[in-house]
Amino acid sequence: MQALKQYDGKYWKNLFDSRVGKTTWPYGSGVWSKKEWVLPEIDSDDIVSAFEGNSNLFWAERYGKEYLKMSDLWVKHCGISHTGSFKDLGMTVLVSQVNRLKKMNKPVVGVGCASTGDTSAALSAYCAAAGIPSIVFLPANKISIAQLVQPIANGAFVLSLDTDFDGCMQLIREVTSELPIYLANSLNSLRLEGQKTAAIEILQQFDWEVPDWVIVPGGNLGNIYAFYKGFNMCKELGLVDRLPRLVCAQAANANPLYLYYKSGWKDFKPVRANTTFASAIQIGDPVSIDRAVYALKNCDGIVEEATEEELMDAMAQADSTGMFICPHTGVALTALNKLRNSGVIGKTDRTVVVSTAHGLKFTQSKTDYHSKDIKDMACRLANPPVSVKADFGSVMDVLQKYLLSKVPKY
Ligand SMILES: Cc1ncc(COP(=O)(O)O)c(C=O)c1O
Ligand SMILES: N[C@@H](CCOP(=O)(O)O)C(=O)O
């Protein structure tokens with residue numbers, strides 16, 4: 001920070017803005033356009049990048065107005081990315097550093113992670129691009145097929161383990177302390193250095209105006225800290241004058257941070273995470289718990305939770321307004337809904353919901369919902385296809401009924 005403070009906020013804003021939309025290697029990446037704040041010493045030739053970042057900050061106009069009576073609601077689509085989640089932002093930095101270490105003949109043979117599906121996808125893609133072996137520990141039958149096939153296709157060594165994510169995490173930590181495998185989970189601060197650029201990007205997309213709220217779904221809890229760090233650096237280095245308030249949103253079935261927050265930060269206990277449609281955050285013993293608490297305390301943050309029905313309804317509602325979000329984003333939208341209903345988040349507050357993965361990775365949950373195939377869930381927004389006989393009369397009958405139901409009633 002001392003070195004970066006040699007330049008004022010205006011200098012940094014101009015530098016970062018001047019790199020947007022360019023192809024000059026490596027600055028066309030939303031992460032590497034902030035190279036001086038991320039990993040300044042790395043040679044550009046050692047960087048492994050897929051031009052990640054620069055993701056769409058979507059004005060959720062219809063969703064905001066119709067469902068929340070809000071006029072200034074935005075969704076940061078971090079999942080519209082190379083491997084379909086925000087993990088690309090951190091993985092480009094970590095794999096680039098490993099690439100550099102290997103060139104320096106450091107004893108790193110491969111890179112490994114435990115994963116609920118997105119970290120493993122990003123790790124295997126970036127490692128494959130650089131020709132570095134990747135090893136992934138996955139909890140058997142607990143991640144989506146779309147996520148499972150990503151490391152398989154990218155040539156990773158995939159271990160499917162009969163345990164949950166927390167069990168995989170414990171094992172990879174033990175294994176990486178014995179073998180020359182570099183640990184790629186967010187314990188490693190290189191990951192967070194990349195992920196923090198999403199916060200800087202949000203400010204940049206608002207012409208350096210600070211939003212009032214940023215809502216982030218939380219599991220292993222690296223990302224909530226990364227957002228705090230990005231915003232805080234912009235404040236400390238004079239690009240903006242305040243921090244947004246952060247909200248961390250958890251699934252009620254995997255809510256150790258929420259319970260800790262509700263105890264007044266008195267009593268942290270890991271939990272056994274239960275099955276949730278938000279499977280990438282089915283985590284009971286988050287590795288970055290201390291970082292997350294530090295972040296939330298320093299920005300007057302809040303923690304909320306979402307039940308399975310709430311998160312699935314929120315996802316379906318958002319999808320019906322033209323998005324195609326993942327269940328984790330449904331968790332974040334539920335948190336927003338609750339904070340709007342209680343009046344904590346105001347009508348005109350500028351609010352950003354961070355969408356963390358692409359909905360196409362979670363089509364099974366959407367299919368189950370729209371088929372009303374979920375036990376004990378009303379699936380009240382299900383929109384199943386209508387089976388119709390393939391003749392003109394039958395098609396006309398259903399279409400007329402449908403159109404009548406859509407005629408505005410004045
Ligand atoms: C799609 C998705 N959303 C949210 C999260 C939560 O991020 P973090 O583990 O950094 O809290 C993860 C991973 O845990 C994820 O894969
Ligand atoms: N959701 C993550 C869980 C691991 O988180 P990490 O950020 O510590 O790697 C995943 O996709 O594996």
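In helix α13, the buried residues are Glu308, Leu311, Met312, Asp313, Ala314, Met315, Ala316, Gln317, Ala318 and Asp319. The model in view is a predicted one, and a residue is called buried here when its relative accessible area is under 20%. Because 10 of the 12 residues of α13 are buried, the helix is largely enclosed by the rest of the structure. The elements that cover these buried residues include α3 (61-68), β9 (302-306), α14 (327-341) and α15 (363-370). Helix α13 itself comprises residues 308-319. From its first C-alpha to its last it reaches 17 Å, close to the 16 Å expected at 1.5 Å a residue.

The next element to consider is a strand. Strand β7 covers residues 213-217, and five of its five residues are buried. In a regular strand the side chains alternate between the two faces of the sheet. The residues of β7 can be read in this way: Trp213, Ile215 and Pro217 point one way, while Val214 and Val216 point the other way, and all are buried.

Strand β7 has two pairing partners to follow. With strand β8 (residues 245-251) it pairs in the parallel sense over five bridges, and within this pairing Val214 stands opposite Leu246. To pass from β7 to β8 the chain goes through helix α10 (residues 222-236), and this β-α-β crossover is right-handed. Strand β7 is also joined to strand β10 (residues 351-355) by three bridges, and these two strands run parallel. Here Val214 stands opposite Val352 of β10.

Elsewhere in the chain, four strands form an open sheet in the order β5-β4-β3-β6, with parallel pairing. Its edge strands are β5 (157-161) and β6 (181-183), each of which pairs on one side only. From one strand to the next, the twist averages 25°.

Strand β3 (residues 110-114) pairs with β6 in the parallel sense over three bridges, and Val111 has Tyr182 in β6 as its bridge partner. Helix α4 (residues 87-103) lies across β3 and β6 and runs at about 150° to β6. Helix α7 (residues 165-176) also packs on the sheet, where it touches β3, β4 (134-139), β5 and β6. The direction of α7 makes about 150° with that of β4.

Is strand β4 mostly covered or mostly open? It is mostly covered, for six of its six residues are buried. Both of its faces are covered: Ser134, Val136 and Leu138 lie on one side, Ile135, Phe137 and Pro139 lie on the other, and all are buried.

Strands β4 and β5 run parallel and are joined by five bridges, and Pro139 has Leu161 in β5 as its bridge partner. With helix α6 (residues 145-153), β4 and β5 make a right-handed β-α-β unit.

Methods
Residues numbered from 1 in each chain as written. Chains lettered and ligands numbered in written order. Predicted model: local features only at pLDDT ≥ 70, side-chain atom pairs only at ≥ 80, totals over all residues. Heavy atoms only, no water. Expected span 1.5 Å × (residues − 1). Buried < 20%, exposed > 50% of the residue type's maximum accessible area, 1.4 Å probe, protein only. Contact = heavy atoms within 4.5 Å. Pairing = 2+ DSSP bridges. Right-handed = clockwise from strand over helix to strand, strands pointing away. Axes fitted to C-alpha atoms, helices over the stretch in contact; angles between N-to-C directions.
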